[in-house]
Amino acid sequence: MRLFALFTIACLSPLHAAALGPDEAYPDVENETPLTEAELRAAFTGKRHLGSYNFLSRGITTYAFEETTNSDGSLRHVRQGHVDTGQWEISDNTVCYDYDDPNLLQACFRMYSRGNCYYHYQVSVEGYAKFGFTARSVIAGETANCEPAYV
Amino acid sequence: MFRPPLYKLGTALLLTLGLTVTAAAQTQDTDIRPDASQLSGDEIKTVFSDAHMDGAYNFGRNGKAVSFYTEKHFPDGTLTYEEDGIVDPGRWFVRNDALCFMYPSNKLSGGCFRVYQIKNCYYFYTTSRRRVPGENGQPYWTARAVKKGERAGCEKAVS
């Protein structure tokens, strides 16, 4: 999953305008267990995910993205028509992404599931899952059953 | 709603060293809860949805804050956090009677907070077990806010 290195800016377009802010369905990273390596391999190896970012980045006006994490360790990320390539791996119960674009940071994520949705929580330098999730996704071809289902 | 918890570590250190708190100064280790009412999840939604809050943290031993922020909570769950002229986006939601924040910025750590009210003031106690040892469940609040334009009427109530 692409992590923009420097610039994440304010954009207030609502993801789910009908919702009144609260979403108690979000994973609780302090009290829930992230996916194991075996579960991560099943969910990501050779799979294409369709997802939405939680926030926008500079110059990007859409939340939607798709990312293919190939069995050979290569990846392809597409957002707003822009394609990035790179490498990915599973390590220590995290999924790590390393893009060819030097402006994009390498980052690792713990994954929490809600229904068939995967919530991507970046791991801090201290090794904790950051409180807010960066994105959520489903395997291409599936219909998201997490709430609110805007993936 | 706040920056990384360095200031909290500082306060925790002061507490550890046993520095005294004057009765009149409302510092972050002043346990305001006996004088306050805790907001339920529904009450949090009512108060914070579409609310523009002026907040303060990093209170000194004299009870005066040295760090200030404003936060706009929009009904769709988005927010803007402004401090020192820098505006960051974010999201807010309610979970288990706590107000929760997510930010994309690595400068802001986010998290969930129980909200206590005294008059027109709202005090935030973290629910996190990780932030500062002993903070969770202890008489230690992270920040205090009032709705924009209001004058805090709470300090004398808990001195």
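## Strand β8 of chain B

A residue counts as buried if 20 or more other C-beta atoms lie within 10 Å of its own, as exposed if 12 or fewer do, and as partly exposed in between, with C-beta atoms placed from the backbone. Six of the six residues of this strand (residues 121–126) are buried, so β8(B) is largely enclosed by the rest of the structure. In a regular strand the side chains alternate between the two faces of the sheet.

The model is predicted: local features need pLDDT of at least 70, side-chain atom pairs count only at pLDDT 80 or more, and totals for chains, interfaces and linings use all residues. Residues are numbered from 1 along each chain as its sequence is written, while chains are lettered from A and ligands numbered from 1 in the order in which they are written.

## Pairing partners of β8(B)

β8(B) pairs in the antiparallel sense with β7(B) (residues 111–118) over six bridges, and Q117(B) stands opposite Y122(B). Two strands are taken to pair if DSSP finds at least two bridges between them. Two residues lie between β7(B) and β8(B) in the hairpin that they form, and K119(B) in its turn has a positive phi of about 50°.

β8(B) also pairs with β9(B) (residues 143–147), in the antiparallel sense and over three bridges; here F124(B) stands opposite A143(B). V146(B) is found in β9(B) and is partly exposed, with 18 other C-beta atoms within 10 Å. Not counting residues up to four places away in sequence, V146(B) touches M53(B), D54(B), N120(B), C121(B) and A152(B).

## Nonpolar cores

A nonpolar core is a set of buried Ala, Val, Leu, Ile, Met, Phe, Trp, Tyr and Cys residues joined through C-beta atoms within 7 Å. The largest has 37 residues, of which L99(B), C100(B), Y123(B) and F124(B) touch the most other members. At least two residues of this core come from each of α2, β2, β4, β5, β6, β7, β8 and β9 of chain B. A second, separate core of 28 residues includes Y97(A), Y99(A), Y121(A) and C146(A).

Leaving aside neighbours within four places in sequence, Y123(B) is in contact with I32(B), A36(B), Y116(B), W141(B) and R144(B). Contact requires that the C-beta atoms of two residues, placed from the backbone, lie within 7 Å.

## Chain B overall

Chain B has three helices and nine strands. Helices (H or I, at least four residues) and strands (E, at least two) are DSSP runs, numbered from the N terminus. Buried residues make up 40% of the 159 residues in chain B. Among its contacts between residues at least 6 apart in sequence, 52% join residues at least 24 apart.

In chain A, a closed barrel of eight strands runs β1-β2-β3-β4-β5-β6-β7-β8 with antiparallel pairing. Within it, β3(A) (residues 74–79) and β4(A) (residues 82–91) pair over six bridges, and the bridge partner of L75(A) in β4(A) is G86(A).

The buried residues of α1(A) (residues 37–44) are L40(A), A43(A) and F44(A). Seen down the helix axis, these residues fall within an arc of 80°, so they line one face of α1(A); the arc is that of the directions from the helix axis to the C-beta atoms. G46(A), which follows α1(A), has a positive phi, near 70°.
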